[in-house]
Amino acid sequence: MAAAQPVVFETHLKSLPLVHRGKVRDIYDAGPEHLLIVTSDRLSAFDVVLPDPIPGKGAVLNGISRFWFEKTAHIIPNQLTDLAIEDVIKDPADQALLRGRAVIVKKLRALPVEAVARGYLIGSGWKDYQATGSLCGIPLPRGMVQAAKLPEPLFTPASKAPKGQHDENIDFDQVRDLLGGELADKVRDITLRIYSFAAQYALERGIIIADTKFEFGVDKSGALFLIDEVLTPDSSRFWPADTYQAGISPPSFDKQYVRDYLETLDWGKKAPGPKLPAEVIQKTAEKYQEAYTRLTR
């Protein structure tokens, strides 16, 4: 799927105005009701965009997100539309560049909360537990080990930080202050429903989804939609189920592989990011592709 595509670090479309260039996605205004979202091959780690793109990554992320949007549409409506790239982009060269890595979506107001679901004790959650015995303020049983499965999936939201800063974990009362009680409850409940559904689906295909984050938006009437990306190797921790064991940091299909490499460098985790060796780039591309293949086969 991804191998035949050109590598895209940034897009510069002349026919549509650029609204935002994020760590991975370029977002263009496609009219009063729509946006064009282009998923590039950029890779960020520790909130820094690295100088080397990962071949095929954008197409993999776009494909996985579309797959999950369709799989979870029975739980919540989402940003997808029936519009094709050709409906808004007329230049054949741009159409070819965007094919497989772009989508036309509804124009919605994003909520100011990262909706995080955790099923396993890893990453910042493991560090939090070691320090406090809790995960984002939620008490956990004593004696748990790294990568242990949690007694039940937890909703551990985060605030959206300004560009260049890190998102910060917040408690549910803060989410209610930001969104209002009814909407906060709905975001929490839907987050856990999607996670539980997807985790079971992925496990049957040999992948453990250790944790993930969702974003939600509302339309002018206040209706809630699932937006951005869904259950990708960028927004989730994917572990191979056949080699999983608690007590260690498991190997992964996500960008943890790159993070682990970067941790071996004398780098301050600030821009500019270091260049990646060819072997790390190739291995990362293979991990993303394998995640796509396992989930969608």
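Analyst: Quick definition first: Ala, Val, Leu, Ile, Met, Phe, Trp, Tyr, Cys and Pro count as nonpolar, Asp, Glu, Lys and Arg as charged, and the others, Gly among them, as polar. This is a predicted model, where local features need pLDDT of at least 70, side-chain atom pairs count only at pLDDT 80 or more, and totals for chains, interfaces and linings use all residues. Numbering starts from 1 along each chain as its sequence is written, and side-chain values use heavy atoms, leaving out hydrogens and water.

User: How much space lies in the largest cavity?
Analyst: A cavity is a set of points on a 1 Å grid over the protein atoms alone where a 1.4 Å probe fits but cannot get out. Points are joined across faces, edges and corners, and the volume is what probe spheres set on them fill. One cavity reaches 30 Å³ or more. The largest cavity holds about 90 Å³.

User: Which element gives the most to the lining of the largest cavity?
Analyst: The lining has 13 residues (an atom within 4 Å of a point), with N62, S65, Q79, V103 and D228 the closest to the centre. By class they split into five nonpolar, four polar and four charged. With five residues, the top contributor is α1.

User: Are α1 and α8 roughly parallel or roughly antiparallel?
Analyst: Their axes (lines fitted to C-alpha atoms over the stretch in contact, angles running 0 to 180 degrees between N-to-C directions) come within 9 Å and cross at roughly 25 degrees. The contact (heavy atoms within 4.5 Å) includes W68 of α1 and Y292 of α8, and has nine nonpolar, three polar and one charged residues. Angles under 35 degrees count as roughly parallel, over 145 as roughly antiparallel, 65 to 115 as roughly perpendicular and the rest as oblique. So α1 and α8 are roughly parallel.

User: And how is α5 set against α6?
Analyst: Helix α5 (172-179) packs on helix α6 (181-203) at about 125 degrees, the axes 7 Å apart. Among the contact residues are F172 of α5 and L183 of α6. The angle makes α5, relative to α6, oblique.

User: Which residue has a positive phi although it is not a glycine?
Analyst: Look in the loop between β4 (44-45) and β5 (48-49), where D47 sits. With a phi of about 65 degrees, the residue is D47.

Methods:
Helices (H or I, at least four residues) and strands (E, at least two) are DSSP runs, numbered from the N terminus. On a 1 Å grid over the protein atoms alone, a cavity is a set of points where a 1.4 Å probe fits but cannot get out, and a pocket is an open set with protein on both sides within 12 Å along at least five of seven lines; lining residues have an atom within 4 Å of a point.
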